[in-house]
Amino acid sequence: MQTLLSKYTPVVESEVKIWFKAGPIHDFPDNAGACVKYQDKQIAVFHFTAQGRWYACQNLCPHRMEMVLSRGLIGDEKGEPKVACPMHKRTFSLLTGENLNGDCGTIAVYPVKVTDGEVYIGFS
């Protein structure tokens, strides 16, 4: 299980070496998640239309080790965007990856940018 989790390490924008082209913005649902594959990773991508912001994180929930976060409910807590795992409702910050309501581990988050109608995810 740790091997699977070790594939996912958080990336901050200043560390980005590769901007992976995930697809055109119309391929992603508004106010919901979608899953894209990058190498051997599944990445959940979210578009918060009310904020006009995009977020990306690992699709793997560390609680039950299931690839489900792209199907999670999204929202915010005191202005902090979050995703709730659809299996057990653990919530994670989409800014820091921190588990917001329990003792579950953190998740990796990735920078996202939109250029010329295309969504890009940053990896180091």
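In what order do the 3 strands of the open sheet run, and is their pairing parallel or antiparallel? In this predicted model, the order is β1-β12-β11, and the pairing is antiparallel. The edge positions belong to β1 (18-24) and β11 (112-115); each has a single partner strand, so one side of each is left without a neighbour in the sheet. From one strand to the next, the twist averages 30°.

Let's look at how β1 meets its partner. The two strands β1 and β12 (residues 118-123) run antiparallel and are joined by 6 bridges. Within this pairing, lysine 21 stands opposite tyrosine 120 of β12.

Now for the aromatic side chains, which form 5 pairs in the structure. Phenylalanine 48 and tyrosine 55 make an edge-to-face pair, with 5.2 Å from centre to centre and 80° between the planes. Both phenylalanine 48 and tyrosine 55 are buried. Tyrosine 110 and phenylalanine 123 form a tilted pair, at 5.1 Å centre to centre and with 50° between the planes. Because tyrosine 110 lies in strand β10 (residues 109-110) and phenylalanine 123 in strand β12, this pair ties together parts that are 13 residues apart in sequence. Tyrosine 110 counts as buried, at 6% relative accessibility, and phenylalanine 123 is buried too, with a relative accessible area of 3%. Ring pairs also draw these two into a cluster with Phe20 and Tyr38.

Leucine 94 is found in the loop between β9 and β10, yet it is buried, with a relative accessible area of 4%. Setting aside residues up to four places away in sequence, leucine 94 touches Phe46, Phe48, Tyr55, Cys57, Pro81, Lys82, Val83 and Val109. Both members of the edge-to-face pair, Phe48 and Tyr55, are among these contacts.

Which strands surround β8? Strand β7 (residues 73-77) runs antiparallel to β8, with 5 bridges joining them, and β8 is also joined to β9 by 3 bridges, again antiparallel. Valine 83 takes part on both sides: it is the bridge partner of isoleucine 74, and it stands opposite phenylalanine 92 in β9. Of the 5 residues of β8 (residues 80-84), 4 are buried, so this strand is largely enclosed by the rest of the structure.

In the hairpin of β8 and β9, 6 residues lie between the strands, and lysine 89 takes a positive phi near 65°.

Our last stop is threonine 91, in strand β9 (residues 91-93). Threonine 91 is buried, with a relative accessible area of 8%. Beyond its neighbours within four places in sequence, threonine 91 is in contact with Lys82, Val83 and Ala84, and also with Glu98, Asn99, Leu100 and Asn101.

Terms used. Residues numbered from 1 in each chain as written. Predicted model: local features only at pLDDT ≥ 70, side-chain atom pairs only at ≥ 80, totals over all residues. Heavy atoms only, no water. Pairing = 2+ DSSP bridges. Axes fitted to C-alpha atoms, helices over the stretch in contact; angles between N-to-C directions. Phe/Tyr/Trp six-rings, centres within 6.5 Å; stacked < 30°, edge-to-face > 60°. Buried < 20%, exposed > 50% of the residue type's maximum accessible area, 1.4 Å probe, protein only. Contact = heavy atoms within 4.5 Å.
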